[in-house]
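Let's take a walk through this structure together, going from its surface to its strands and then to its charged pairs. Keep the model open beside you as you read.

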Amino acid sequence: MNDLVNEGLLIEEYILRRMVYVNSAGHGYSEILLDDHLAMFGENNVGKTASLAGTKLLLYPESNLRNCEIKFRFEGKEGAFTMEESYQFYFPDPKSFIVLEVQNPEGMFCMVLYKNNNYTYSRLFIPLEYGDLRHLFWSKDNEDFNENLSIASIKEFTQAQDGLQVKDETELRSLMFGSARSDSKRNRFCVLPLKEATLDSVEAFRHIYQLAFDTSNKKTKTLPTAIATLLEMGRGRDEEKLNSNLTELNEQYGKLIAKKDYLDSLNNARPYYERAFAAYEKFDKAHIIYSQAYQSTKNAIQSAKESYVAQHSEIKAQYDEQLKALEKINDKLENANRENQRLEGRIEEKQVTLKRDKEKSVAVKRKCSSYGEKTDLSNVVNTLKKQAEKLKIELDQYREENGLQTLLKDNINRRNQCIKNKDKAEAFINDTSSAFLHKLEDKHSASILLSLNSEFSELTLEITENIASTVKQFAKLFNKTDQEQLKFLDTPFSETRYVGYSESESVERAKEKIEELKSEIQALDNDISKYNKLLKTKDFDKLISETGSELRTVTKDIDDINGLPILINRIEELEKNIESSEGLAKEKSIEVEQLITQRSDISSKYNQLNHTLRKLDDENSLIQHGDRQLEDAFLICDVLASSSPEKGSISQEQLDKVSEQAKNTKQLKDETLQNLRLVISQVEIPEVDPHKQLTSSHDINHVMGHLKDIYTTLEYELSQYQNEIQSHNRFVSSQLNELRASKDFLRNFINEINGDLNGQQVSNLSEIKLTLAIHPAFSSLLDTLDKHDIEDASLLDDSFYDALAHFVDKFFDKRKKRLKMKDIIESISYEYTLKKTGKRVNKSQSGGTSSTITAFVLSVLLNRITPSYVKLKMPIIVDEVSTLDFKNTKATIKQIADHGFSIFCATPAYSGYICSKVGRWITIDRSTIQRPIVDDCYLNILPQHIEKFGAKPNAT
C-alpha cells in the first residue's frame, strides 16, 4: 500500500479553498481564496494579521472563546487580546459569519461559524461549494448584502441540504480531524485528517499552526510542545509513550522505609504485648461473666418496665378518659343548673309583670263600665276626648281676662242653638213631608245628597220644580261602586260611603239626635250654672288647678283605654310564655337529676382507677431503684453488648451481686489498660489513635483485636517486605530504561526532521537543522541513576531518592503527577552553516532568517501530523514577510510550495519583489462596503480584486 501511496495512486487531497468573512474581523464582506499564494499589503491596524489569525477559529474544534489567551493566542503589539475583545472583533453582530470552503475526496463542503451568546459560537456543515450558498450572504448583482441575511435563513438552508449543526467539541474533533475513509457520509465534512483524532493530536496541530504566528521568535515556546506531541503520536502503543510517574517511585520508597520502621517497632514491643495479652485474657473472662449477670438483671428490669408501661398506659388511658368524662359531666351539670335558675328567674319576672298588667286591665275595664256595660270603647274614648277638649278650652279661657264671661256667653249661645236644633228635629218627626229630600220625590237624588252630607236628612224648605230638576240632573252625575263607595262619573270617592235614603231611618236618626241634644242641653245648663257660681266666687287659681288635674286624669284615661287591647294581648302572651317557660324548667329539672345520677357513676369508676394507678406507681419504685443500682455498676465497669444472658429476676441480692462483679472486673480492666498503653507507646497501630484515651471495654477489645492480628501475621509481613523491595527495584529499573529510551527517541525524531530540512539554503546559509537541548535537570537525573546498583534486594540509598525528589518537585505536573515528553525539552533552536566560512552558528544572520526557518519547520511538521496517504493544501501564514531578504523570501516560498502548501503573507508596505515571487497580492483596505451593517466592518475583498503578476509562481 505504501508503494501505491508513493506512486500517488491512493493519495487523498484535502484543500482549504476559500475563507469568507461576513460582518467579522473588520470585513463587511470578503472572500479570500486559500488554495494559492497571496500577499496582503496595508498599514498597521487595518486587519491583515487579524484576517489571517481568524483561520484559528475555523481550524480549531472549539465552540467558545473562554480561555481565549490559551486556546487561540490572538496577540497584538500590546499583548494577548481578551475573550471579550476577541468575541467582539470576530462576532460583533448576530449577522456575523465566518465561512470556510473545503474540498476533500467526497467533494466540496462549507463550514459556517455563527454567533451564539455568552461568548460561544456554533458551526453548520453544508455539503455544497460556496458558490451555491453565496446568495445567502451576498448579492453579486447588487454588490450588497442579502436583505434577508439571518441565522434562521441559513439554518433552514442547511437543513434543506442535509447539512449538520454541531456545537459539541468532541463531535467537532471527530468530524473535522477523524479519518473515515470507509465511511463516505462521515468523511464528507473532514477538514484535515490527522493520524489520530485525539485531544493530544489536535493540541499538536494547534501548536504547529501557532508557529505561523511565532515566526519572529527564534526560541519559540510553541515548537517544543508540538515536537513532543508529534513524537508521542509516532510511538505505536500507549505503553511506549513517555508517561513516567517518577513521583510514584519516591512515594513507594517512602512507604517501604515507613514499613521497615513499623516492622522494627513491632519486634521491639513484643514483650509488652505478651504481658498485655495475659492480663487481657483474665479480664475478658471476668468481663463476660459480669456482662451476662448485668444483662440478665437489666432484661428483668426491662421486662418489668414493659409490663408496667403496658398496664400503666392502659389504666392511665382509662383514668384520663374517666377524668375527661367527669369534667364533662360537671360542666353539663353546672350549665344545666345555671339554665334552670335562669328559667325560674325569668318566670318570676314575667309573673310579676303579668300581675301588674292584670290589675291595670281590671282598673281600665272598671272605668269603661262606668259609661255603661254595652258602651263601645271607641265611643267612650270619643266622649273622653270631647270632655278633654272641653276642659282644654275651659282651661284656656280661665287663664284669659274675662275668659269665664266669654265661656259663659258661648255656652248660652250653644244651648240656644241646641234648643233650635231639637225643635227642628221634632218638627221633622211630626211632619216628614216637609223635608227637602222628601219633596225631591227621587230616592237616587236623595241618597246622593245624603251621602254628601248627613244634614240633608233634616233639611226642611220649599223648592220649585226648577230647583228639583237641577238637583236631579246633578245627582245623575253620581253613582256607587260595588264596594258601596260614592262615585262621581267614573271616579270613586274612597273616603265617602254611599248612604241609601230611607225616610224611616231618617226619623230614627232624628230621634237619636233629639236625645243627644237633650243631654247636651242638660250639660250646658250645668256648665252655665257652674260658671255663674264661679263668677261670684272668683277663685280662679283653684279653678285652673282643679281643671288641669281633671284634664290630666281624662287624658290618662284616654291613653289607658286606647292601650287596653294591647294590654290584653300582652297578658295573653305572658300567660303563654310563662306556661312554656314552666315546661322548659320542668324538663331542665329532670335533666339535672339525670346528670347527677351519671356523675355519681363516673365518680365511682374514676376513684377505682385512681387507686389502681397509685398502686402501679408504688410497684414502679422498685424498678427505678434497680435502674439506679445498675447505672452505678455500669459507671464502675461497662459491659459487653453481645453477651447472651439467662433470664433473671429483680432482687436486692441480685443487684448487690452485680455491683460486686463490676468492681472486680474494673480492677482487671485497669491492669489490662496499663499494659496496653505501654504497647501503644512503642508501636503505631493502624486504625488506632495513639492520642485517644483508652477507657471503655470496647476500646480494649478494639486495640487488642488489631494487636492479635498484627502479631499473628508478623513473620509473614517481614517476608513480604523483602518481596516488595525487589518489586520496587524492578519498577525503578523499568522507569530508568523508559527515561533513557525517551531521550534517545527524542534525538532520533529531531534528526528525522532535520533530514527533511537538509538541502535547504537561505541566502548564505546551509545545513539548516533543529538543535535539541535536553533539560539539565533531566540529564543530571540520568547521571545520578547510572551511579546506583539496583540489582540486589536492598533499597537504594537516600542520595538517589533525594535527586529524584528534587527533579519531581521542580518539573512534574503537581495535579497529574506525570512527566511528559515536553517536560524534558529545555529548548529547540536553529543551527546553520555559513557558506563562506563553514562556521556553524546558532544565531540569525538577518532579521528574516528565523521567520524563514520557522516556515520550513511548519511545512515539515504539518506533513508529519497527517496520514501518509493525505495530500494537504492549506495556507501557511508568514506574518511580516518584509523582514525576509530577497533570497530568504524565494527559499521560503519554494519550501512551502514543495510541501503542497500555499503561502499567505502580510506586510505594511507594498513590495514589487514580493508581488513577483508570490504572484498574487491585494491592498487590503482598497475596497470597502458602501452600506456596512456593522460600523467597524467595512472591508470588501473579492476574488476579482486580487492582482496578479505574470505567470503563477512555481517551485523555482
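A residue is called buried when its relative accessible area is under 20%, exposed when that area is over 50%, and partly exposed in between. Please keep in mind that the model is predicted.

Glu505 has a relative accessible area of 41%, so Glu505 counts as partly exposed. You will find Glu505 in helix α18, which covers residues 503-537. Together with Glu508, Glu512 and Glu516, Glu505 forms a negative surface patch.

Now turn to strand β3, residues 38-41. Which way do its side chains point? Leu38 and Met40 point one way, Ala39 and Phe41 point the other way, and all of them are buried. Strand β20 (residues 902-907) pairs with β3 in the parallel sense over four bridges, and within β20 the bridge partner of Phe41 is Thr907. Strand β21 (residues 920-923) also pairs with β3 in the parallel sense, over three bridges. There, Ala39 has Trp921 as its bridge partner.

Next come the charged pairs. Side chains of opposite charge can pair when their charged atoms come close. How many salt bridges does the structure hold? There are 29 salt bridges.

One of them joins Lys305 to Asp627, with the closest N and O atoms 2.3 Å apart. This pair links distant parts of the chain, since Lys305 sits in helix α12 (residues 270-369) and Asp627 in helix α20 (residues 564-636), 322 residues apart. Are the two partners buried or exposed? Lys305 has a relative accessible area of 26% and is therefore partly exposed, whereas Asp627, at 15%, counts as buried.

Arg338 is partly exposed at 45% relative accessibility, and Glu334 is partly exposed with a relative accessible area of 45%.

Asp357 counts as buried because its relative accessibility is 3%, while Arg570 counts as partly exposed at 41%.

Asn23 has a phi near 55°, a positive value in a residue other than glycine. Asn23 has its place in strand β1 (residues 12-24), and with 0% relative accessibility Asn23 counts as buried. Arg73 is not a glycine either, yet its phi is positive, at about 50°. Arg73 is found in the loop between α4 (68-71) and β4 (75-76). Its relative accessibility is 24%, so Arg73 counts as partly exposed.

Definitions and conventions
Residues are numbered from 1 along each chain as its sequence is written. This is a predicted model: local features need pLDDT of at least 70, side-chain atom pairs count only at pLDDT 80 or more; totals for chains, interfaces and linings use all residues. Side-chain values use heavy atoms; hydrogens and water are left out. Patches are made of residues with over 30% relative accessible area and no salt bridge: like charges are joined within 9 Å, nonpolar side chains (Val, Leu, Ile, Met, Phe, Trp, Tyr) within 5 Å. Accessible areas come from the Shrake-Rupley method with a 1.4 Å probe; for residues, only the protein chains shown count as cover. A salt bridge is a side-chain nitrogen of Lys or Arg within 4 Å of a carboxyl oxygen of Asp or Glu. Lys and Arg count as positive and Asp and Glu as negative; His and the chain ends are not counted. The place of a charge is taken as NZ of Lys, CZ of Arg, CG of Asp or CD of Glu. Helices (H or I, at least four residues) and strands (E, at least two) are DSSP runs, numbered from the N terminus. Buried means under 20% relative accessible area, exposed over 50%, partly exposed in between (1.4 Å probe, protein chains only). Two strands pair if DSSP finds at least two bridges between them.
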